[in-house]
Amino acid sequence: MLKVSRIIRKLCSTPAPFTTSPIILPAAKSPKCFTRIAECPKSSISSVSSVLSYHLKNQKLDETRAYFDKIPFPDVYLCTKMIVGYVEKYRLGDALKLFDQMPVRDTVMWNSMIKGCLDCGDLDMGWRLFNEMPERNVISWTTMINGLLQFGRIEAAECFFREMPMRDIAAWNAMIYGYFGNGRVEDAMKLFDEMPVRNVISWTSMISGLDQHRRSNEALYIFSQMVAFGVQATSSTFTCVITACANVFAVSFGVQIHGLIVKLGYVRDAYVAASFITFYANCKQMDDSRKFFNEKSHMNVVVLTALLTGYGSNGKHEDALEIFTDMLKMGVLPNQSSFSSALNSCCCLEALEQGKAVHALGNKLGLETDVFVGNSLIVLYSKCGNINDGVAIFKKISKKNIVSWNSIIVGCAQHGFGMWALSFFNRMIRAGVEPDDITFTGLLSASSHSGMLNKGRRLFDYFFQQKPIKPKLEHYACLVDILGRSGELKEAEELINKMPMEPKLSIWLALLSGCRMHSNIEVAERAAKRILDLDPYCSAAYILLSNLYAFDGRWTDVARTRANMKNIGILKQPGISWVNLKGSRHSFLSGDKSHPLSEKIYRKLDWLGEKLKEFGYVPDQRFALHDVENEQKEAILSYHSERLAIGFGLISSVEGSSITVMKNLRVCGDCHSAIKIIAKIVGREIVVRDSGRFHHFRDGFCSCRDYW
């Protein structure tokens, strides 16, 4: 995995693959020659048009206009070309000004100007021009219908459609596409049935629309009908059909389509190939996905990104990053999707250094403010312990979407920064972004990790009463967690009994976890009974109850609980802590001596043990959770997995740098107290992510304020 970083660093140290250097033009197309053509009255329309096209293609609008102004008598065709050039660059004002100056306007110019207004977001101006148009054709009507549907004006679009003097098939297709785009699936299906004539676009729109609205089986049925009617599918049709197969895991149907596209010769199409790679990946057949890729040898960004994403979605993140590296070696420029998938794989591997290298390359390619890349970066930095970097990335995103806001709110919640999460939520509302289920969960989680009982209650009531979001099971679990952590166990039980849905495991586990925090064995036993009624093999219930008994010194109950676990074959998950360093993961169990640097690690921990005593630290032997002598308990606590990981981090990293430790279980309470002092002793920030949240230890304090 290290070579990913090396290749990216090499790329970042060389000039970007694109350049702003001046283009050397052939003599026949030098700027002086352009001027002579413009000034020559005998210049042909095609020569002048080619010059305009050249400037527009190279995005030199002002130079194009200067050249255009030198043409003595520009015709309607040239004027239209100039107008289209303006609107493609969203310079609607310049386009309208030129349009108004034209003494002669044909239908094509009117249609181009109307479409330009709609594309630039000015529906009112487009509508006004349509009304002023002296003579309309079917394209004029269809353009307005498309624009109205684009702005969600369904009723107005329907009115235009009904009033059309003559409807061509494009108008029908536009309505179907618009209905699907605005969630009116039944209306789209009804209109499709009413169509007097259908073409391949009509059928493809139906297949795509149904699939996008999670009705993929119906989409495949429509394709079967299309084949029965003898309509020849296009590459776009096959792309939609394959995507539908992937979404419902229709392996047999997909394999048949594979054979058909090979026979018809569409297998060389990049989008069809990418869809097949995704299809096999979604169906958990990565070997077939890779085989398809190798056989067709598609070396472009679309296909390579599909393979990269497929590996990531199947948990093969090292392979995914290998594909990303191959893209760079082959000189294929990654796009936003490529970067997002690569960053997601870095995140899942907790490979922060590799993620930073991918980030640096994205910046070099001008993707620093891209919303899709930015969202992936927020998640990467948040999950790898760098919430401050996540916030910095969020601020740089130029056009934030709901995923951006949710990512930063959830990130703040994971780190226990509840007030930050609420601040971002307030900004989100002011920005006019409507919150969703994930926002709700993130805010409740933030309240839970920050001990904000009253704010959590108010947030739940706010969403329940003010927002069109129906609280789901996970929202109730969050509120039970908030109440349980705050010691309001009676209120939590009452809430569970009043829930509008049947409480599941997550609800009772949240209550049981709250009982552990407040040593309430009576409520804990009731919660554990309900959990085991639902799932007799739930290891979490046995372990939480056993730990609660052990913490209270009830060793007979501990032995009984552990015996029950053994009798039904439940094994306790061992606590594992790990540190990612220079592309490698170093893992530790409690009392582990298997690491090559164990001798140095234990020596470092023994030195820290002496220093801890100097700072007044006394081990809390209740967290040993074993019925042994006190000296043994102290030894057990001293070499818990999180301490071994910290010891490794201290001897293996640069003096003064922060250390990030991950743990699969909740951090031990005694270790939590010790790590606060260790951070002060060594003068470093120590970040520990346990099963619930992040802890930032610095100068003798933890960001959780001992509430976790």
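Author: Start with phenylalanine 249, which sits in the loop between α15 (235-247) and α16 (251-264). This is a predicted model, and the details below are read from it. The backbone of phenylalanine 249 is the point of interest. Its phi is near 55 degrees, a positive value in a residue that is not glycine. Most residues other than glycine have a negative phi. Is phenylalanine 249 buried or exposed? Its relative accessibility is 51%. The cut-off for exposed is over 50%, so phenylalanine 249 counts as exposed.

With a relative accessible area of 57%, lysine 284 is exposed.

Take α5 as one case. Just after α5, tyrosine 90 has a positive phi of about 60 degrees. The helix itself covers residues 76-88, which makes 13 residues. At 1.5 Å a residue, α5 should span 18 Å, and the end C-alpha atoms are 18 Å apart, so the two agree. Its buried residues include Val76, Leu78, Cys79, Met82 and Ile83. Thr80, Gly85, Tyr86 and Val87 are buried as well.

Now α9. Just after α9 comes glycine 152, with a positive phi of about 75 degrees. Helix α9 runs over residues 138-150 and has 13 residues. From first C-alpha to last it reaches 18 Å, close to the 18 Å expected. At its start, a side-chain oxygen of asparagine 137 comes to within 3.1 Å of the backbone nitrogen of isoleucine 139. How much of α9 is covered? Ten of its 13 residues are buried, and the helix is mostly covered. Among them are Val138, Trp141, Met144, Ile145, Leu148 and Leu149. Which helices do the buried residues of α9 pack against? They pack against α7 (107-119), α8 (123-132), α10 (154-163) and α11 (169-181).

Follow α11 for a moment. Asparagine 173 lies in this helix. Its relative accessibility is 7%, so asparagine 173 counts as buried. Setting aside residues up to four places away in sequence, asparagine 173 touches Met195, Asn199, Ile201 and Ser202.

Charges over rings come next. The charged end of arginine 198 sits over the ring of phenylalanine 192, 4.1 Å from its centre. Arginine 105 lies over the face of phenylalanine 99, with 4.4 Å to the ring centre.

Another loop phenylalanine deserves a look. Phenylalanine 417 is placed in the loop between α25 (402-414) and α26 (418-430). Its C-alpha lies 6.8 Å from that of alanine 446, and the two residues are 29 residues apart along the chain. Leaving aside neighbours within four places in sequence, phenylalanine 417 is in contact with Ile387, Cys412, Ser450, His696 and Ser703.

Then the aromatic pairs. The whole structure contains 27 of them. One joins tyrosine 462 and phenylalanine 463: the ring centres are 5.3 Å apart and the planes stand at 85 degrees, so the pair is edge-to-face. Tyrosine 462 is partly exposed, with a relative accessible area of 28%. Phenylalanine 463 is buried, at 0%. Both belong to one aromatic cluster, together with Phe425, Phe440, Phe460 and Tyr476.

What about cysteines? Cysteine 515 is buried, with a relative accessible area of 0%. Cysteine 478 is at 14%, under the 20% cut-off, and therefore counts as buried. The structure holds zero disulfides.

Last, the overall setting. The protein has 38 helices and six strands. Of its 708 residues, 49% count as buried. Take the contacts between residues at least 6 apart in sequence: 63% of these join residues at least 24 apart. Against that background, phenylalanine 249 is an exposed residue, in a loop between two helices, with a positive phi.

Technical notes: Residues numbered from 1 in each chain as written. Predicted model: local features only at pLDDT ≥ 70, side-chain atom pairs only at ≥ 80, totals over all residues. Heavy atoms only, no water. Disulfide = S-S within 2.5 Å. Buried < 20%, exposed > 50% of the residue type's maximum accessible area, 1.4 Å probe, protein only. Helix = DSSP H or I, 4+ residues; strand = E, 2+ residues; numbered from the N terminus. Expected span 1.5 Å × (residues − 1). Contact = heavy atoms within 4.5 Å. Polar contact = N/O pair within 3.5 Å; in protein donor to acceptor, adjacent residues only side chain to side chain. Phe/Tyr/Trp six-rings, centres within 6.5 Å; stacked < 30°, edge-to-face > 60°. Lys NZ or Arg CZ within 6 Å of the ring centre and 35° of its normal.
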